[in-house]
Amino acid sequence: MFITDQRGLLVGTPLETNDTYTTITYGPPSRSEAKRATGTAPPSVQERYTQLPADTPGRLGERTDGITSDAETPYEAAEAVERWLEQNKQYSLDANHDRANDVATEFVFEMEAGYCQYFATAMTAMLRTQDIPARYVTGYTTGEQVAENTYLARGKNAHAWVEVYFEGVGWVSFDPTPGGGRVDAGRALEPPESQPEQNQSDPENDDTNQDEQNSEDDEQTESNEDNSEEEDLGPPYDIDLSPEPIPGAQVTVTVEKNGTAISGAEVLFNGEVVGTTNETGQLQATVPYALELVVSAEPPPSQGAVAQRPVGGTGPLAGNTLSAPVAPAQTDENSSVRYDIPTDASITTQNLPLPGRTVAANMSINGSAVAGLTVIIDGEQVGTTNETGAFSLPVPADVSLGEGLPIEFKRGEFAASGNITVADVEINVETGFFKLPGTSADITVTAVTEKQGIPLSGVPIRTNGAKATLATDESGSATMDLPWSNEATATAVVGEQTVTTAVSGILFHLGGVLAVLAGTLAGSGTWIYRNPEKLRQFKYRVVSALVTTGEWLRLLGHYVYSIGPALARGLRRFGVRARTYLARLRDEFTLAALLSPVTYVIARVTGFLAWLQTIPGLLRGLLSNGGSERANDDGAVSGPTETTESPDGTTEVPAYQRLRQCWRWLVRRVVRRSKTKTAVEVENQAVEKGFPRRPVRRLRRAFQDVEYGFTDPDDRVDVAEESVEQLREDTAEDEQ
């Protein structure tokens, strides 16, 4: 024998009928250890057995992602793929596929049925899309035992299955081919594939080899039928059990002799009669709750039983064994079979197991749920499993965080055990950059799993050693106030277990902040002491800024107050101008008259642009605490004295100049020093000198409205002249 490039075993020449060879079989790897394996395979295995053709469609991996979405370990992923293929695809020897397409993808998405090569190829490729090392395996099941240490392997015993590598365990077999379909198709009971010389990874040879095997099977069947009448149908019998016995589960017992089914045989489980076989030599019975199962078969009442058709015509697959299985020990002249019932329970929880909390859990043995088992923790009965293996699991309050919790399951003579890991808990306190007494700090409590941290709600929190006064909210958060001490502690209480974290250096931070403040005050005081002139300048600038701000706010208020009247006046002027324009067009319909509104608008825009040019000077005056005029040495206010000449030769003073003259009249009587004064200061000094406040204020407002561009000079000049006239009369009366 030699090893192929695919790590398969081949003989130098093809095996012929009646050839014999010797093998040494070691015990299968531990499935309980494989279920817990989470490590990574060696690089040589990982690289070789996760390869896929470059043109493998991406949808195969996407479909497998959905099938294995709930799997937490590689073993659970393999079980999910195996279960999906068994439940969604049928067994048929008449299957074929499009040779131009990827075999695995074609089978998963396009085909409804196939034989074992299709199932094994699909599962291998699907697991490799998840980076799980898997290989396609072909060979023969154990066949029929014909003598001590000698088995007869027929063509119908050929089969293909899958082996998956688990770190620390090795290669573990899985068989996704539905068992019942193989029996219905006339294939062997137990783990078809091609002949040894066939390329085991080339599915194109499957049809030819399948036909050859079917022909051989038909010939063998005919031979068995021809010779069956001559066979002795008395004990000892060959007894087979399918699937692997689990307490409380239904199994199928098959009784045969030399490949011939025995009808009417009485079957016993642990010495108790459970029924007799039917015409196919089969019987369905329930496995008792015991640590071992001895299956016995007694001959039919009539020793001259008629030979039945060969086993494999109908009935379920005998066992879900995935590698070449080792036959269980048989006793009593091969009429009894002894099975050790597995006792390693797999336990899963639907939420996090924490001390003092009750979680929903499920248990199974070899992937099958077991109902009616009493659940025991620390010698105390806490529940019972239902038909789906579900039960409520109260986690003891004193169990340690992050440690394993052993669980026992019992019923009658049967006892099994399993283990869950209690989640670990972390508590963190976030204070921000400064840790100062009296400020708040955020507390978060999370349960730590292998993949992520999950916030825990409703967890009591003890702060600074006191009783629990806080509890985490739905996001696992709470808030605490830092004490007037150098250290604060926060303790999460989970059951009877506690997790504590501390915040230190609180008073050190306070001292640092106070030191910085003291240094800043001392530095400021020193600078003020050494720079009195700069301090005075600073105060002056601050006061000036406040005064300027107040003046701007006053102007803004006056502007807002004046919007309504100004808008009304503007509408009145527009009405008057529109009426005048229409009357002019009525009297003289000329181009000049027609375009007079355009010339008016141009004049207004030009005046507005000219006013905009004066804004920088106005701002400089305000920011320098000045007004819009500067008094001369004699008290007169400087400014332009523009006049215009009327068509009749007389000189007309513009409204703007007339208004400025009115304002200068008041300024000359109030300002006696060559110093910048604001309009409000002029008003205040005028009132102090005895001028009546009302006309002075009206004159000041008229001047400001025009000077700052709020209104047209024509609208305010009359108010200014009336105010001056009233002031003159009052002044004359006072002088008299």
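## Aromatic pairs

F107, Y115, Y118 and F119 are joined into a cluster by ring pairs. The model is predicted. K89 sits over the face of F107, 5.6 Å from the ring centre.

The structure holds eleven aromatic pairs. One of them joins Y49 and W171: their ring centres are 4.9 Å apart and their planes stand at 75 degrees, so the pair is edge-to-face. This pair links distant parts of the chain, 122 residues apart. Y49 lies in the loop between helix 2 (43-48) and helix 3 (58-67), and W171 lies in strand 9 (residues 170-174). Y49 is buried, at 6% relative accessible area. F166 and F174 form a tilted aromatic pair, with 6.3 Å centre to centre and 50 degrees between the planes. F166 is buried, with a relative accessible area of 1%. F174 is buried too, with a relative accessible area of 1%.

W171 also has a charge over its ring. R135 lies over the face of W171, at 3.9 Å from the ring centre.

## A nonpolar surface patch

F589, L591, L594, L595, V598 and I602 make up a nonpolar patch on the surface. Together they have about 610 Å² of accessible area. Helix 11 (591-594) and helix 12 (596-623) are the elements that give two or more residues to the patch. I602 is in helix 12.

## P713 in helix 16

P713 belongs to helix 16 (residues 713-735). P713 is buried, because its relative accessible area is 19%, and buried means under 20%. Beyond its neighbours within four places in sequence, P713 is in contact with A655, Y656 and V706. P713 and R658 are 55 residues apart in sequence, yet 8.9 Å apart in space, C-alpha to C-alpha.

Notes:
Residues are numbered from 1 along each chain as its sequence is written. This is a predicted model: local features need pLDDT of at least 70, side-chain atom pairs count only at pLDDT 80 or more; totals for chains, interfaces and linings use all residues. Side-chain values use heavy atoms; hydrogens and water are left out. Helices (H or I, at least four residues) and strands (E, at least two) are DSSP runs, numbered from the N terminus. Buried means under 20% relative accessible area, exposed over 50%, partly exposed in between (1.4 Å probe, protein chains only). Contact means heavy atoms within 4.5 Å. Patches are made of residues with over 30% relative accessible area and no salt bridge: like charges are joined within 9 Å, nonpolar side chains (Val, Leu, Ile, Met, Phe, Trp, Tyr) within 5 Å. Accessible areas come from the Shrake-Rupley method with a 1.4 Å probe; for residues, only the protein chains shown count as cover. A salt bridge is a side-chain nitrogen of Lys or Arg within 4 Å of a carboxyl oxygen of Asp or Glu. Rings of Phe, Tyr and Trp (its six-membered ring) pair if their centres lie within 6.5 Å; planes under 30 degrees apart count as stacked, over 60 as edge-to-face and the rest as tilted. A charge sits over a ring if NZ of Lys or CZ of Arg is within 6 Å of the ring centre and within 35 degrees of the ring normal.
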